Structures are given as C-alpha cells and as structure tokens.
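Hi everyone, thanks for making time for this. I'd like to walk you through two interfaces, one inside a chain and one between chains.

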Amino acid sequence: MTTSTPSLPNSLRSGPDDRGRYGIFGGRFVAETLMPLILELEEAYRAAQADPSFREELDYYYRDYVGRPSPLWHARRLSEELGGAKIYLKREELNHTGSHKLNNVMGQILLARRMGKKRIVAETGAGQHGVATATVCALFGLKCTIYMGATDVERQKPNVFRMHLLGAEVKPVTAGAGTLKDAMNEAMRDWVANVADTYFLVGTVAGPHPYPEMVRDFQSIIGIETKEQIIRAEGRLPDVIVAAIGGGSNAMGIFHPFLDDTSVRLVGVEAAGHGLDSGKTAASISRGRPGVLHGNRTYLLQDINGQIEEAHSISAGLDYPGIGPEHSWLNDIGRAEYVGVTDQEALDAFQLCTRTEGIIPALECAHGLAHVAKIAPTMSPDQIIVLNLSGRGDKDIFTVASHLGVKL
Amino acid sequence: MSRIQARFAALKAEGRGALIPYLQACDPDFDTSLELLRAMPGAGADLIEIGVPFSDPAADGITIQNAAIRGLKAGATMARVLDMVRTFRKDDNDTPIVLMGYLNPIDSYGPAKFCFDAAAAGVDGIIVVDMPTEEADLLDNHAREAGLDIISLVAPNTSRSRLFHVLKAASGFVYYVSITGITGTNSASAEDLSKALPRIREATDLPVAIGFGISTPEQARTASRIGDAAVVASALIKTLAATLHDGKATQQTVPSVLSQLRELATAVRS
C-alpha cells in the first residue's frame, strides 16, 4: 500500500509469506490469548490496504500534520570535511515530534480507529515512539498508556515530561535492566489483560506478524521519497544507504523500496556499545544468534541456555537485544550488511554533524553518521551516500553533556 | 496408556477432578525445589506442573516473574530441570509431570533433542506459552515420536471455530486459561467457568484443566468440578516467597507450601 510500485514476482519486497515469515524469521509466537487479536489485526490491515480512502486519509495526515515529505539534504560541509563521497541526509528529524516514529504511529492510529479501539498501549525506549504515540492519542482523544523502562525514564526525562503534557500515562518498568525489552514485556502483559478495548501500538518492525510488515509499510514512505528525491537531484540511485538500527524501523523504511535495486548497498548500523566484544553491546546480528522473543524469530543476544541478555548502548533507542525479523533475513541472504558502531564513535559523529551541518542528530542516528564517517573517505566524490537522519538530538543533550564532562 | 491418561482415568473412576500444583524449577534453589517436588504427591498433587525459568516471561505476573529470576540466579537450565524430573522419577512412576515455559530455552536446547531428553527424563507433557497452534509444527513431530503430549492452551476469547482448530490435534489434556490476562491476577467466577466449559467440551473429549487466578481452596474445588483439574501456581509461590530470607530457603519453606497444598487437596477431594 505504501509502496509506490508493485512488487515483482521474484522481488525481495514480496515478503512476508502467509505465516508472517521472512525466510526462517518472523512468525507469530504469542500466547493463545493474543492470537485472536493479531488475526483480527491482520484482517483489519488487509481491509485498510484494499480501501483507497485509508491511503487518502493517511496521506492527508502525512502532509498536513506530520509535515511530509521530509527534505533530502545535501550535506556539503560534512562531505567536504570527511573528504570523499557526496553525503545526503534524509531529514526525518524534521517530522512533527522530531523523529521518523510518527510515520508508523500515524498509520497505526488510523487503523486502531477503524477497528473501534478506545485505548492505546505502547512500549518505548528513548521515548520517541512514546511521544509520537501520546501525540496522536491527544490528536484523536484516545486513552494512552506508555510503558518505559525505569532506566530509560531516568535518562530520557524530557520525553517523559512531553508524554505527561500530552496526556499519556507513563508507567516505569523496573523489571530486568529497566530498558526497552522490559517495557515490551510489560506492554504485552497489559495488552493480554485488556484485549477487549486496547490496541497495542508497536513502535518498530518487530513483534508478531503482522506488526513487522505493517510498520515497514508505514515507514516505507521514507525510502519512496528518498528514491524520487535522489533521482531528481542526481539523476541516479545512491551507491550506499546507511541507517542506524535498534529494532530497525527507520532502516527498514528507507531500505525496503530499494531492495530490488541491487546496485545500492544497504548498511544497517547496530549499536556496539562499549565494543562488539566487550559484553556490553546491543549488536544483535553481529553478536547474537536466532531465537524467539516478543512474538518473532530473529537474531537475539542470548546465553547458551536461551536466556535473553541485557543489551547495552548509550542510546536508549538502540538498547534492545533483538532486531526486526526482516533485517535478520536480509542479513542471511546477504542483501544488506550489518556493522557495529561504539558509544564513543557515535558521540564523535554527534558533534561532527552538529558542527558541520548545524543539525543536532539523535544519538540513535549518530551511530549511522559514525559509519558514514568511516566509509565516506574511502569513496570517490562522484559516489553518493544517503544517511537516514531519523531523529533530532535535543533529547540527548543531557547524556552527551555528561559524557563530555559538562554539567547542565 | 500414558501417565496423563491413566491419572485422569483413575480420578474419573474416583469421581473427582485433579489438583495440579505448580513450582518453578530451582526456586529458590535446586535442592529445595526438588524436595518440594518429591513431597507434592504425598500432599495431594495429582499432576505437577514445573515452570522452566525464562528471562522474559511475558505472560506471567510479578509473582512468577520473581520466581523465574530466583530460579535463574540459582542456576536453572533446561538440563538441570530435566535432572530434577529424572531424580523425581526414581521414586514416583505414576504422577504425571508437565513442564511449562517459553519457547526460546527449548529452541536453544534443540527442539528434537529437547523432546527426546524430556521424555527420557520422565516428562509427560509440555506447555509452551508462546507457541500457538500456528507455530506448533516446530515441536509436533518430535514430541509425538518421543511420546510427549503438547498441551494446548485455550482462552476465554478463543472463538468456537478456533477452538476446533486448536484442539483438532490436541493430546494429554487441554489447559483453559480462564481469564484474559497474566498469571496471579484476576480470577474467573464459577458462572464464567460454567459458561466456558461446555464450549470447550464441544471441541474435545480430552480432560480440561483450568488455570490462571485460582488461589483459594474454594476456587480450586469449583474449578476441579466444573473442569477436570485445577492448576494453582502463583498462590503457592507467594507462600514460598514469604518464607524466604534474603532470597534463600528457610526451614519453613517446604512445610509452608505443603501445608497450603494439603488444604487445597482437601477441598478438591471433599
């Protein structure tokens, strides 16, 4: 529905299959109590896809409320400073609420309304998805409960306050390390206890089918626009597209429309935390193995007994021990590559982008920028990199200040 | 005839339903949970459910979440859980044992190896919370070959057509999750249960165990009469947790849980 061109029979864009799988990944690993809900959701989503008025309504909100299309910015000074490839930034941080999250939330809230749901629950890590969800609940007058790990509540105070202002109830989750994984568990517990009236608004391309597909479809607007914009600006497709990955929604959104354009290298950047081999990392593909969590089979950070390990990243939005199942598949078939960037490298890139482009990036996409900083100098000036600048970094200035030894 | 079939047949002849207590493996340590497991049949357990600790028990309330954390801290692994069952089987060859847990530890152990090793250790059935019928082909064939029942779960919001779909290939018994919610929170009323059971029995001839939210002897008695068995989990774990000192077992731990189990058994048998 959000893809502007139809998928070809042999297209890499035709997934998932009817079991919600991408190769061996994905699926519907949920308790029986949730099965009727996800089957109902899939049915409602298919009906919406087939209804042109749903698309029209979504386009209206994308244009007049979210502020789409977002620009594709030629980052001249950043390109010069790095010396090499021409760098473009897809400005998703200019969306209302400051990140790509609203693309998905807007689509799902319209679906929830079609389904007659009165109450919304969501999980959040950095708080960007929580803020986006609270925003549309305010817009449509729906009750909203956001689960957020207690550790994240502490390190993302501005977003917690935003959610309160927007009328949402924020429930801190103290289980585990108090991060995104624990918030996801608690949101699922809430959903199963309130099946009659509650819609679970998942924020990334993970969870049981149809969430990974649906969130990808809503986020694909990023890649669809990017394709049109880069062709207009350069008359050709980019050589490399880079995006940071926690669950992987901004990356999936920009990758998906390019999956069949095999000349375009797709690079997902996972948070390596203190380093890929430090034991304090969030790099699920680089350091995990396939398993089942939160409704889907995917790469997970886990011990030899199948117990899920705590992820670590300076960025609350990347601090998750799993990744969307379609990314796991793209990794295994070799269509996309996944690399790691450390906390320190992200902090350096955060400052580089701010200083050269006057854009304060979120720490999440600073991971993507750090990888761009590594590869751009190895490329020639006639080559093109597009980075998905998925969010703005105002929320992160306290974290960055403390790492730079500055007291605010 | 499997142990599960034999036990339900014997209880039917006795004219009463079963009591199924639950314990979390290695909660608060291996020896204590093994001692509890071995004493449970003597205190009135007809079948026993052993929870396999998992780091992310998304269908469980806080009581069982904490039990899982204690179990993992005490070194619970799938191999240790199977050790427990193997030791139990040395003195008890009749009481059915059902493992309840989440898919990832099984997946990580290896689905085929798990089914074979579990059956060899003396496990009779498995309940995998996050493996609905749609994903059960991961274990189905291995379980059948090993002689292990995969216990199907149904819930209050399982539609009539879905009941038939889910229970088509069910074996052992059916587990009715009597509330839409997590363990150890709300309870279904006798009236709710009386309405729900005929719908389930229409789709299966297997015995139906009722679980989630059963904590008092009265509730256990009611559920075991309307259904064929009552599962009591969080209520027993709460009692266990209350006896711990700094997370460690005390002299009261095993006796307190057994005494509560006896009260439940008396009610179920009255």
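Between domain 1 of chain A and domain 2 of chain A there are 10 residue pairs in polar contact, both residues at pLDDT 80 or more. A polar contact here is a pair of N or O atoms within 3.5 Å; within protein, one must be able to donate a hydrogen and the other to accept it, and residues adjacent in sequence count only if both atoms are side-chain atoms. On the domain 1 side, the elements giving two or more residues include β2 (25–29), α2 (52–66) and α8 (180–193) of chain A; helices (H or I, at least four residues) and strands (E, at least two) are DSSP runs, numbered from the N terminus. The largest share of that side, 6 residues, comes from α8(A).

Some ground rules. This is a predicted model, where local features need pLDDT of at least 70, side-chain atom pairs count only at pLDDT 80 or more, and totals for chains, interfaces and linings use all residues. Residues are numbered from 1 along each chain as its sequence is written, chains are lettered from A and ligands numbered from 1 in the order in which they are written, and side-chain values use heavy atoms, leaving out hydrogens and water.

So where are the domains? Domain 1 of chain A covers 22–63 + 100–210, and domain 2 covers 69–98 + 220–404, with bounds from an automatic or database domain assignment. Together they bury about 3,300 Å², 61% of it on carbon and sulfur atoms; buried area is the accessible area (1.4 Å probe) that two parts lose on being put together, summed over both. Phe25(A), His100(A) and Lys181(A) supply 23% of what domain 1 buries there, more than any other three residues. Lys181(A) also forms a salt bridge with Glu310(A), the closest N and O atoms being 3.9 Å apart; the rule is a side-chain nitrogen of Lys or Arg within 4 Å of a carboxyl oxygen of Asp or Glu.

Now to the partner chain. How many salt bridges link chain A and chain B? The count is 6, and one pairs Arg19(A) with Asp137(B) at 3.0 Å, N to O. Chain A and chain B bury about 2,700 Å², with carbon and sulfur atoms giving 47%. Glu32(A), Arg189(A) and Gln307(A) supply 26% of chain A's part, more than any other three residues. Polar contacts here come to 22 residue pairs, again both at pLDDT 80 or more. And α8(A) returns, giving the largest share of the chain A side, 6 residues.
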